[in-house]
Each structure stands twice: as structure tokens, then as C-alpha cells.
Number of protein chains: 4
Amino acid sequence: MLYFENDYCEGAHPAILKKFIETNMEKLPGYGMDKYCLSAKEKIRAACGCPEAEVYFLSGGTQTNATVIAAALKRYEGVIAASTGHINGHEAGAVEYTGHKVLGLPHTDGKLSASSLENFLETFYGDENHEHMVFPGMVYISHPTEYGTLYSCRELSDISNVCRRFQIPLFLDGARLGYGLASPSSDITLQDIARYTDVFYIGGTKVGALCGEAVVFPKKAPEHFLTMVKQQGALLAKGRLLGIQFDALFTDNLYLEISKNAIETAEKLKEALREKGYRLLMDSPTNQIFVVLENEKMKTLGENVKFSFWEKYDDSHTTVRFATSWATDMKELDELIRLL
Amino acid sequence: MLYFENDYCEGAHPAILKKFIETNMEKLPGYGMDKYCLSAKEKIRAACGCPEAEVYFLSGGTQTNATVIAAALKRYEGVIAASTGHINGHEAGAVEYTGHKVLGLPHTDGKLSASSLENFLETFYGDENHEHMVFPGMVYISHPTEYGTLYSCRELSDISNVCRRFQIPLFLDGARLGYGLASPSSDITLQDIARYTDVFYIGGTKVGALCGEAVVFPKKAPEHFLTMVKQQGALLAKGRLLGIQFDALFTDNLYLEISKNAIETAEKLKEALREKGYRLLMDSPTNQIFVVLENEKMKTLGENVKFSFWEKYDDSHTTVRFATSWATDMKELDELIRLL
Amino acid sequence: MLYFENDYCEGAHPAILKKFIETNMEKLPGYGMDKYCLSAKEKIRAACGCPEAEVYFLSGGTQTNATVIAAALKRYEGVIAASTGHINGHEAGAVEYTGHKVLGLPHTDGKLSASSLENFLETFYGDENHEHMVFPGMVYISHPTEYGTLYSCRELSDISNVCRRFQIPLFLDGARLGYGLASPSSDITLQDIARYTDVFYIGGTKVGALCGEAVVFPKKAPEHFLTMVKQQGALLAKGRLLGIQFDALFTDNLYLEISKNAIETAEKLKEALREKGYRLLMDSPTNQIFVVLENEKMKTLGENVKFSFWEKYDDSHTTVRFATSWATDMKELDELIRLL
Amino acid sequence: MLYFENDYCEGAHPAILKKFIETNMEKLPGYGMDKYCLSAKEKIRAACGCPEAEVYFLSGGTQTNATVIAAALKRYEGVIAASTGHINGHEAGAVEYTGHKVLGLPHTDGKLSASSLENFLETFYGDENHEHMVFPGMVYISHPTEYGTLYSCRELSDISNVCRRFQIPLFLDGARLGYGLASPSSDITLQDIARYTDVFYIGGTKVGALCGEAVVFPKKAPEHFLTMVKQQGALLAKGRLLGIQFDALFTDNLYLEISKNAIETAEKLKEALREKGYRLLMDSPTNQIFVVLENEKMKTLGENVKFSFWEKYDDSHTTVRFATSWATDMKELDELIRLL
């Protein structure tokens with residue numbers, strides 16, 4: 001069985017496991033105060049070009065989103081997101097569970113636009129009844145988005161400008177950030193993200209780690225952020241588990257290097273799909289490819305390949321998703337292409 | 001520097017690391033549906049003598065407590081705990097953050113008694129104004145407790161009987177359960193716990209794992225528990241991280257075997273302390289030892305040994321905590337004893 | 001200045017004030033256990049044709065919505081509403097503050113349709129990832145809606161059937177229920193509402209009372225609903241304030257009788273608007289009338305009449321709302337018509 | 001039947017009803033923007049000697065406590081209260097429902113002391129693990145307390161000094177404030193309270209109003225407090241209901257004048273109880289009197305008098321509470337005394 005169902009089906013990059021073994025019996029302080037956490041933070045600050053940044057490590061994406069968002073919002077505020085945003089549909093209401101509304105705005109291929117954001121904010125503040133409404137207290141975007149699409153540097157800076165005009169912090173969910181940075185169609189760097197956002201995270205779980213996301217506050221974290229991490233149940237006693245992984249991933253540019261494999265395999269797969277005449281749902285430049293399959297084809301292919309159901313396309317077609325990752329084997333990809 | 005500050009300063013038991021490496025490139029389903037999770041659950045069910053139990057893996061103690069408690073409670077209910085319970089003082093209000101009160105009851109050496117519990121419940125239901133009060137919806141105990149003390153099987157069954165009389169589920173926090181089970185002064189087995197409680201967890205973080213707690217519902221989990229785990233941000237995409245660790249810990253009785261080292265080293269340390277005339281705060285039969293030190297002694301000892309400050313004892317004395325673990329080295333213990 | 005800004009600008013119906021005075025020095029039990037509450041509940045049960053109904057009195061609409069919804073939902077559930085629903089936009093996130101998501105569906109003139117509801121529920125349960133999503137746990141509609149529109153009895157029963165098929169309780173917000181019942185275009189009675197919903201409320205604040213909404217559970221209230229009312233801060237010590245008002249409103253059919261004035265004045269106003277060639281935003285059959293005004297006209301009219309800004313229509317026009325009520329004076333209406 | 005069960009068994013002071021009638025058909029803006037609210041606020045500011053104070057009207061005590069506390073706290077903070085505080089035991093967990101812990105401290109006759117508060121705060125900040133604990137973010141006291149006792153001006157200023165030293169706002173719950181101010185044993189004025197606290201409320205429900213509490217922020221309210229009131233479901237559309245009542249109560253010193261009756265009747269009752277040899281639980285100088293009755297006496301007295309059960313005293317005695325109010329009739333009191 002070939003496995004293209006998601007980008008978290010393998011374990012960790014071998015460099016991480018090697019480091020686990022080397023450091024295993026060292027006695028280290030808990031709760032993220034160990035030297036590997038400190039070293040990883042330093043390397044991340046350097047990669048982001050932010051010597052002053054505050055960095056925290058959490059275990060997974062939903063946890064990170066809920067913790068960061070609820071830490072930023074005042075109780076009368078909600079978070080703006082594309083209606084397709086992960087926090088709006090696929091996190092079991094984790095943000096609302098902290099007491100805050102997700103304010104869904106229209107999207108294009110999963111992306112929010114600066115103009116629709118600006119329009120929403122102007123309408124909100126222009127409404128004389130806005131004191132009876134949820135105040136917009138944060139803007140959430142993901143890069144890559146739910147559809148694997150990417151913001152251009154200009155689009156990101158435009159959104160950032162709107163946020164700053166309205167004094168609303170901008171949060172970028174980078175669960176698959178490596179794949180965004182490694183995509184040749186992207187002109188956004190880690191430094192750009194640090195410049196244009198107020199908080200973002202560098203996803204580990206889907207990019208080479210067993211678990212872990214590195215939250216970066218380029219300027220300053222909310223006061224007592226660590227206590228809020230604890231309160232959310234997101235503070236690991238053995239913080240080394242996360243520190244060691246990110247220390248490895250940010251040594252010798254490993255994070256970006258391994259991300260390239262996902263892009264190269266995805267590009268090859270897209271080319272093959274196009275050649276064979278398949279319809280792609282959109283031109284997604286990262287590691288997720290959305291294809292429309294005839295239902296019959298989907299069934300036979302499914303006997304040998306695992307992929308994700310995305311949604312019904314029409315009565316005889318279905319949209320499915322193939323995902324590659326840092327660990328995708330080129331030989332397995334060739335086998336997949338042969339079966340298409 | 002000798003390190004007796006806590007029981008989570010080392011990495012994982014080598015058997016776990018070995019298994020990480022062996023399985024690393026296997027492609028597995030996410031969110032706890034992989035074969036290692038399934039195997040670990042099966043082994044835990046067998047160890048508990050509960051073939052029907054539902055088992056879930058979460059990352060850490062606070063997360064597990066908040067998730068389990070909030071999943072059990074109706075919105076007008078709170079959780080009863082000893083006033084010294086971990087959820088009441090050291091989890092940054094994680095339970096309250098889910099909207100529920102911790103109802104603190106008096107304790108003896110960190111333990112709740114069946115009689116004080118019964119008295120509280122009878123008074124509550126006897127109060128004609130109890131509809132204006134928080135209903136007791138769960139009883140939380142930990143074993144070992146915050147002070148390293150243990151319930152006897154009789155004490156546990158008495159508490160369980162009160163809970164069942166009032167139809168309130170009993171939850172046992174087993175963050176250090178291995179050390180309780182391995183203590184020669186304990187007459188409680190894993191099967192007893194499964195019999196007398198409605199939910200409990202088997203702590204991994206402090207007993208050989210890098211992270212992870214195994215939540216066991218001997219009869220039945222609350223409906224859609226998985227969704228509530230997700231909502232809390234506690235569902236790892238790579239569930240294998242937890243499954244592999246618990247599969248290793250529950251193979252060949254490893255969990256109990258490695259727990260014995262913590263007890264043996266703690267016993268030896270207690271004996272040495274008594275011989276040298278130190279005052280122990282209480283007779284704690286597990287891996288945490290609370291000793292009263294002269295402040296001067298505390299200072300000089302602190303130059304070579306890390307231990308925990310517990311609380312001021314009097315103007316010239318301080319209570320400190322030494323903790324041993326599955327990984328404590330007997331030679332380092334001898335060195336500590338020499339320094340006392 | 002003429003006042004057509006809303007339907008809560010006057011005090012209470014004189015029958016209510018009279019009863020306040022008559023009963024003022026009677027010594028009564030608190031928290032809704034007094035004889036006026038009991039009498040009002042009995043009269044409401046009779047009016048609804050539900051001898052078994054449980055009735056509770058709360059102070060206002062947002063409070064009632066948040067209390068009823070949070071009492072019904074399990075923590076992994078959200079409430080479905082039209083995207084224009086009051087709870088979704090104009091209650092400052094009160095539902096989310098209790099930890100639950102509002103799942104907004106498309107609407108037509110403020111109304112939810114049985115087919116879009118059914119489609120949403122079928123898609124939800126058909127999605128293999130729905131365990132990562134917010135479960136639909138209640139359906140919220142209002143009657144009249146935000147736009148003053150009404151469900152037909154057939155539309156209501158269709159929605160009810162979908163809810164029952166999926167075992168999801170149906171909640172009808174009747175903040176302006178009197179005006180819906182009194183509208184000649186409506187074929188829905190109080191008994192129909194009691195038959196087709198699981199909980200609804202009869203609005204007092206906007207229909208003759210100083211404050212107060214009567215929540216009716218035709219079958220059964222959630223367990224310990226009173227405690228949840230208290231927990232929300234919605235339980236008045238002097239419950240008589242609400243009991244006396246609803247007792248008066250449900251004596252001699254007063255509630256429906258006084259509602260008719262709002263409809264008659266609104267009908268006359270609509271007719272005048274049509275005659276004078278104004279464009280109505282939609283054909284709203286209750287006491288709220290949405291009209292498109294030229295900006296210049298809006299300005300001059302605003303010098304003598306208070307009305308609500310609704311939204312920008314185009315660069316030279318604005319949609320405004322006129323509201324009538326149980327207390328609208330026909331002479332003032334004539335004066336308004338003269339000024340149009 | 002004589003009625004001494006509580007201080008909210010009558011309706012409103014006649015001056016309030018009179019004003020309801022006089023103003024009933026005036027068309028007024030909603031949500032607390034009407035002229036009666038504005039006038040009442042102005043009078044309250046004058047009575048408090050705080051021309052800059054921000055004043056808000058809410059419906060009842062639990063609602064006010066939950067709204068004020070949750071508006072003041074950051075999400076990692078809890079509120080300190082005497083363990084006997086109303087918010088800790090008798091509000092159905094309303095504070096916890098907003099996500100915040102009540103940190104209960106020891107009390108003397110229902111009162112918190114500056115020294116125990118200071119000790120708690122010093123211990124908290126001295127604990128190196130305090131980042132894993134709930135931060136103290138507000139201090140809650142009530143005046144009179146749950147036991148009807150009063151702070152002296154010195155005690156209040158001492159508590160205030162500790163709060164200011166630690167930069168923690170002080171909140172005074174004045175549900176029965178009139179009775180505290182009218183007590184001859186009190187040396188605290190409304191101006192003192194405004195000087196020493198950061199927020200307090202003047203209770204109406206128990207002192208002459210049908211409902212309503214006036215929240216006073218002597219310096220400044222939290223930003224967007226009105227939106228948080230709305231979010232809690234505590235914002236009445238017809239704000240006049242509260243404005244008119246407080247406008248009446250703060251005209252010609254009515255609030256304090258009518259409070260005196262509760263004190264005079266309570267004093268007379270206490271004197272009679274002492275003369276007849278009853279044991280008073282404590283020397284409570286306001287309108288609540290806690291008496292130890294023989295169970296047999298309690299039973300026979302209960303045939304003619306309503307009073308509150310407080311708690312079991314011993315096997316043959318019970319503590320009960322008699323309450324007087326602004327409306328207690330001296331003749332009924334004489335009748336009660338006769339029956340004792």
C-alpha cells in the first residue's frame with residue numbers, strides 16, 4: 001500500500017532520534033528551561049533575524065492555536081480568520097472553548113485578502129451598535145493555507161498594514177511553514193514573517209519532528225504566557241522533548257533542507273497528473289495536491305494507495321488530496337504515478 | 001552536581017528509544033489509530049484486568065486532568081479534591097479555565113478520607129440552598145499524593161463506596177502510579193484501581209517515558225471523548241509517539257520493573273536520613289522524601305546537590321524535597337548520602 | 001421628536017404597573033417560588049396547551065439565549081443558527097463566552113430552511129473527520145427573525161422534523177413572539193410552537209413588560225436548569241418582578257391583544273410607504289419595517305423622527321428601520337406618515 | 001405567618017413605584033442611555049464624592065460579581081476572597097464558569113484581614129513555582145459580610161494598602177451596603193469606600209429596589225465594560241428599569257434613610273434575644289441575626305414565623321438567621337419578640 005494520505009505518517013528525521021539517544025541520560029531542568037530549548041530558541045531567533053524574539057515550544061497545532069489566540073484576546077474580542085481556516089472548522093471548537101468567537105471572513109483559495117479584512121474592520125467600527133458585537137482582537141492566517149496555497153510577500157505586508165492601522169495583532173499559523181518556505185513560487189522568508197506578524201509558529205509535527213511547534217513572538221509575548229501555556233495543559237515537564245527536536249531542525253538549515261523533498265515530490269506528482277489529464281482543484285504550490293477523480297478511478301486507486309477524501313465534486317467525481325512530506329520516497333512516488 | 005530535584009530530569013527508558021528507531025519510517029495512521037497505540041491499549045487492558053476498558057493517550061498530567069475532569073462534569077458541577085491536590089494548587093487554574101470549580105476538602109498527609117467526603121456530600125444534599133451551590137460531580141484523588149503518600153486498598157474502596165452511593169465518578173491521578181504500585185507498603189494493584197475508580201491514568205512522563213499519560217476508563221469513556229481531547233488541544237497527530245512509549249512500558253512488565261529503582265533508592269535515602277538524625281516531614285513510602293534541613297546545611301548542601309525547596313519550616317529550618325526516579329543511579333545516591 | 005427607533009422605548013403596560021402596586025408589600029418567597037410566578041406559569045402552560053411544560057422567567061434576551069443554549073449543549077457541541085441570527089452577530093459573543101460555537105448557516109430573509117439544515121447535518125455526519133469538528137447540538141431560530149419575517153407552520157414543522165430525525169433540540173427565540181402571533185400573515189399559534197420545538201421563549205421586554213422573557217420547555221427542562229440560571233447570574237432574588245409581569249400579560253389574553261397594535265400601526269406605515277413610492281427591503285409582516293431612503297431624505301427626516309440606521313444601501317441611499325410596538329400611538333404614526 | 005426569612009421578600013419602596021408610573025410612557029433610549037440612568041449616575045457620583053466615577057447598573061448580585069470579576073481578571077488570574085465569601089459558596093460557581101478560580105483565604109466572622117492577605121501574597125510571590133499557580137488578580141470583600149459583620153475604616157484602609165502595594169484591584173460587594181452604612185457601629189462612609197476600593201457596588205435588590213445593583217468604578221472602568229456586561233447577558237434593553245430605581249433611591253438620601261429601619265428593628269430584636277437568654281452566634285451589627293435555637297423551640301416557632309436555617313449547631317441545637325429590612329414592620333417585630 002502506498003501512503004499519500006497526509007504529511008504526518010512517518011516518525012522523526014533521523015538527526016532528531018540521534019540526538020535523543022546522545023542526550024538521553026543527561027539530567028536537565030524541566031518545563032523548557034534546559035539547554036537544548038535555550039539553544040533551539042537562539043537558533044530560531046537567528047533564523048528569523050529577531051535577536052529579541054521570545055520563543056516557546058508547544059506540542060501540536062490545535063493546542064498552539066488555542067493557547068496563542070486566547071492569550072492575545074481580551075474577553076470581549078474574537079479572532080478573524082478565513083471561513084476555511086483550520087481554527088474555524090477542524091479544531092473541534094478549541095478557540096470557542098476558551099470563550100472566544102472565530103469571525104469567519106470570505107476567502108480565495110483559502111486566503112484572506114487585505115481588502116476584505118479592511119472592509120470588515122471599517123464596517124465594524126462604523127457600526128454604531130458595535131458595542132453589542134464581538135470586537136476583532138486578532139487576525140489569524142495560515143501559510144500555507146488549508147488548501148496549500150501561499151501568500152505573496154506583498155499580500156502578507158498588505159494584511160499586516162491593515163492590522164497595524166487597526167492595532168490588531170497578526171498571527172500566522174505555520175503548521176506546514178517549511179513547505180511554504182521551500183516552495184519555489186514563494187517570495188516570503190522567515191524574516192519577512194517575523195517582520196510582518198506579531199506572532200507565528202514554525203510547525204514541527206508535519207515537518208520532520210515527532211511533535212512540536214515553535215511559537216515565535218518577534219517583539220514580545222503576552223505577559224505570563226508560560227502560565228497560560230500551563231493552564232491550557234500544554235507545558236511538558238520534559239521540555240527537552242521539544243527543545244532537542246527544534247535544536248536539530250535548526251542546525252545546518254535542516255528544517256528548510258528536508259522541506260524541499262516535499263515540494264519536489266509534489267511538483268513531480270502535479271506534472272504527472274496534468275500530463276495524464278487530471279483536473280487539479282487549484283494550483284497549489286506546496287505539498288498538498290487536490291485532484292478531481294472519477295469515482296470509479298478513486299475506488300480502484302484506493303486499493304493500492306491511501307489518500308484523503310476531500311469533498312464530493314459531482315455525482316460521478318470526488319475531490320481527493322494527495323500529500324507529500326519531508327520523508328516521501330521518490331520510488332514510491334513513481335509507483336503512484338504509474339498507478340494513476 | 002547531583003540531581004535529586006525531581007523525577008523528570010532524564011529522558012526515556014532505552015527500550016523506548018530503541019523502539020522509536022525501529023519503527024521510525026513505518027507509515028502509520030494518525031491521531032492514535034496506529035498499531036502501536038492499539039497494541040499498547042491491549043496490553044494496558046490486560047494489566048488492569050479490564051478487557052472492556054477504553055484507553056486514551058495524552059501528553060501530560062495537567063492536560064489529562066483538565067480534559068478528563070471537564071469531560072465528566074456537567075456545567076453546574078465541580079470536582080472534589082483534597083485542598084492540597086495538584087489540580088487545586090499547581091496547575092495554573094486549568095480546571096477552572098474549563099469553567100468548573102475545584103471543591104477543596106481537608107486532607108491528611110495529602111489524602112482525602114471517605115468519612116470527610118461522605119460528610120461533605122451529606123451536608124451538601126442536606127442544605128436546602130444547594131441549588132445555589134456548585135454540585136459535586138467528580139471526586140479526584142492522586143496516588144501517590146502530592147506528598148508521596150499512598151491509599152490503602154481499604155481506604156480506596158471506602159472512598160469508592162461513598163462515590164457510588166452518591167453516583168459520583170471517582171478519578172485517580174496516577175502521574176506517579178508506578179512508584180505507588182512498586183512501593184512495598186502498598187497493597188493496591190492496578191486491578192484494584194480499575195475496580196474502584198471510574199477513570200484513572202497511568203503516568204508515563206515521570207515513570208520512564210519522554211511524555212505521555214494513559215487514561216483508562218475501566219467501564220466506558222464519556223461520549224465523544226476523542227473530540228474533547230481534540231478540543232483541549234491534546235490530540236497528537238503522530239499518536240505513535242505515545243503508543244510506542246506505552247507499548248514498550250507495558251511489554252514484559254517494564255513499567256513496574258523500572259519503578260522499583262525509584263523505591264529502592266528512596267528507601268535507602270530515608271534510612272540514611274534517619275540514621276543521621278534528620279527529621280522527615282512525614283513517612284512517605286514512595287519516591288519523594290520531605291526533610292527538614294537547617295538553613296545553613298541547606299545552603300552548603302545546595303552547592304553540590306539540586307533538590308526542591310518545599311516550604312519554610314521555622315526561622316532556622318526549611319523543608320526540602322528529594323526525589324528519586326526509575327533512572328536514579330545508586331552511585332550518585334551514595335554520594336548524596338556522603339554529603340548529608 | 002417622533003420615536004420609531006425600536007420597540008423597547010416605553011415602560012410597561014399599565015396593567016403591570018397596577019399589579020406591582022397592589023402586591024407591593026406582600027411578603028413573598030424569593031427566586032421565582034412566589035405565587036405570582038406559579039400563577040403565571042400555569043397560565044402560560046394553558047396558553048401553550050402544555051400542562052406538563054416547565055416554565056422559567058429570565059430578565060432579557062441575550063441572557064436567555066446564552067443560558068438556554070449552554071444548558072442544552074454538551075461541551076463538544078455548538079448551536080446552529082442562521083448567519084444573521086441575533087446570537088451570531090449582536091450578543092457580544094455571549095454564546096461563545098460559555099464555550100460553544102455558533103455554526104452559521106445561510107438564510108433567506110433571516111430564515112433558516114429545513115433543506116439547508118438537513119444538508120448541513122447530512123454533510124457533517126458523512127464527513128469522516130467530523131470527530132475533529134464541532135458537533136451540532138441545538139438548532140436556534142427566531143420568530144419573528146432579525147428581519148421581522150415569519151416562518152409558516154409548514155416551514156416550522158419541516159425544521160422540527162429534521163431536528164427530530166437527528167435528535168437535536170430545536171430552540172425558538174421569541175423576543176418579539178407576540179408580534180409574530182398577532183400578524184395576520186402568520187398561521188402559527190403558541191400551541192404549534194410548543195409542539196414543534198423543544199424550548200422557546202415568550203418575549204416580554206419588547207412586548208409590554210419592563211423586562212423579562214418566559215422560557216418554556218414543553219416537555220422537560222435540562223436537569224438542574226435553575227442552578228444554571230443562577231450560575232449565569234440570571235436568577236433574580238425578587239422573582240416576583242417577572243412573575244407579576246407575566247401573570248398580568250397572560251391574564252385575559254393581554255399579551256396577544258396588545259401585540260395587535262404593533263401590527264396595525266406597522267401595516268398602516270407600510271401601506272403609506274408603498275403609496276409614497278419608497279422601496280421596502282423585504283416584505284416583513286411584523287413590527288419592523290426596513291426602508292431604503294435617499295440620504296438627503298434620511299437627513300431631513302432625522303430632524304423630526306428617530307429611526308435606526310440599518311446599513312448602507314448604495315452611495316446615495318441607506319436602509320433604515322422603523323419599529324412599532326404595543327405602545328405606538330396612532331396619532332404619532334399619522335404624523336410620521338405626513339413627514340415621509 | 002411572620003416573615004423574617006430574608007431581606008428581599010417585599011417589593012420596592014413606594015417612591016420607586018411612583019416614579020415608574022410617572023415616567024411610564026416617556027420614550028427613552030435603551031441600554032442605560034436614558035436620562036434617569038444619567039441622573040442616577042450623577043447622584044451616585046455626588047454621594048460617593050467621586051465626580052469622575054463610572055457607574056453601571058446591573059440586575060442582581062451574582063451577575064454583578066461575575067461580570068465585574070471576569071472583566072477585571074486576566075485569564076491567568078483568580079480572585080481572592082474569604083472562604084465564606086458569597087462568590088465562593090453560594091453563586092453556583094458563577095465566577096469559575098467565567099474561567100477563573102476563587103482563591104479562598106481564612107476569615108474571622110466572615111471578614112478577611114489585611115495581614116492574612118499580605119501573608120498570602122508574599123508567600124505567593126516568594127514561591128519559585130508561582131508561574132504554575134493561579135495569579136491573584138483581584139481581592140473581593142463584602143460589606144456587610146455573609147455574617148452581617150462590618151469592616152472598620154481602619155481595616156478597610158489596611159486591606160486597601162496591601163492591594164495597592166501588590167497592584168491588585170480591590171472589589172467591595174455591597175449587596176447590603178445600605179445596612180452597613182446605616183449601622184451605628186460603622187465608621188465607614190460611601191466616600192471611604194470610593195477612596196479605598198477600585199470598584200464596588202451599591203446593592204438595590206435588598207435595599208428598597210425590585211432589582212438592581214449600582215456598580216461604581218471610582219477611577220475608571222475596564223475598557224469596553226459595557227460590551228462585557230452585554231456578553232454576560234446582563235444588559236437590560238429597558239435600562240430605565242434600573243435608572244429610575246436608583247434615581248429614586250439617591251434622591252433626598254432615601255437609600256440611607258430607609259436602611260435605618262432595618263438596623264433599628266434588628267437592634268431591638270437582638271436586645272430581646274439577649275434578654276431572653278438566647279445565644280447569638282456572633283455580634284453582628286447589621287440586619288442579619290444568627291441565633292442558636294433549641295430544636296424543639298425552632299420547631300414551634302416555625303409554625304408562626306419564617307426564618308432561615310443556617311447550620312446545625314449541635315445535636316439538640318440549630319443556628320438560624322432572622323433578617324430585617326427597610327420594610328420590616330415594627331408591629332410584626334413586636335409579635336415575633338412575643339413568640340420567642
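## Backbone exceptions in chain C and chain B

C:Q167 sits in the loop between helix 7 and strand 6 (170-174) of chain C, where helices (H or I, at least four residues) and strands (E, at least two) are DSSP runs numbered from the N terminus. Although C:Q167 is not a glycine, its phi is positive, at about 55°. With a relative accessible area of 72%, C:Q167 is exposed; the cut-offs are under 20% for buried and over 50% for exposed, with partly exposed in between, for a 1.4 Å probe and protein chains only. This is a predicted model, in which local features need pLDDT of at least 70 and side-chain atom pairs count only at pLDDT 80 or more, while totals for chains, interfaces and linings use all residues. Residues are numbered from 1 along each chain as its sequence is written, chains are lettered from A and ligands numbered from 1 in the order in which they are written, and side-chain values use heavy atoms, with hydrogens and water left out.

C:A92, in the loop between helix 4 (86-89) and helix 5 (94-97) of chain C, also has a positive phi, near 55°, and is a residue other than glycine. C:A92 has a relative accessible area of 1% and is therefore buried. Most residues other than glycine have a negative phi, and most peptide bonds are trans. A cis peptide bond, with omega of about -5°, joins C:H143 to C:P144, and C:P144 belongs to the loop between strand 5 (135-142) and helix 7 (153-165) of chain C. In chain B, B:H143 and B:P144 are likewise joined by a cis peptide bond with omega of about -5°, and B:P144 is in the loop between strand 5 (135-142) and helix 7 (153-165) of that chain.

## Two buried residues of chain C

C:A194 is part of helix 9 (residues 190-196) of chain C, and its relative accessibility of 4% is why it counts as buried. Beyond its neighbours within four places in sequence, C:A194 is in contact with C:C48, C:C50, C:F200 and C:P218, contact being heavy atoms within 4.5 Å. The C-alpha atoms of C:A194 and C:G49 are 7.7 Å from each other, although the two residues are 145 residues apart along the chain.

C:K206 lies in the loop between strand 7 (199-203) and strand 8 (213-217) of chain C and, at 14% relative accessibility, counts as buried. When residues up to four places away in sequence are not counted, C:K206 touches C:D7, C:Y8, C:A175, C:R176, C:Y179 and C:W326. A separation of 7.6 Å is found between the C-alpha atoms of C:K206 and C:S325, which are 119 residues apart along the chain.

Helix 6 (residues 114-126) and helix 7 (residues 153-165) of chain D have axes that come within 8 Å and cross at roughly 15°; axes are lines fitted to C-alpha atoms, for helices over the stretch in contact, and angles run from 0 to 180 degrees between N-to-C directions. Helix 6 and helix 7 of chain D are therefore roughly parallel to each other, given that angles under 35 degrees count as roughly parallel, over 145 as roughly antiparallel, 65 to 115 as roughly perpendicular and the rest as oblique. On the side of helix 6 of chain D the contact involves D:A114, D:L117, D:E118, D:L121 and D:E122, which meet D:D158, D:I159, D:V162, D:C163 and D:R165 of helix 7 of chain D. By class, this contact of helix 6 with helix 7 of chain D has 6 nonpolar, no polar and 4 charged residues, where Ala, Val, Leu, Ile, Met, Phe, Trp, Tyr, Cys and Pro count as nonpolar, Asp, Glu, Lys and Arg as charged, and the others, Gly among them, as polar.

In chain B, helix 12 (residues 254-275) packs against helix 14 (residues 330-339) at an angle of about 15°, with the axes 10 Å apart, and this makes the two helices of chain B roughly parallel. B:T265, B:K268, B:L269 and B:A272 of helix 12 meet B:M330, B:L333, B:D334, B:L336 and B:I337 of helix 14 in chain B, and the residues of this contact divide into 6 nonpolar, 1 polar and 2 charged.

## Relation between the copies
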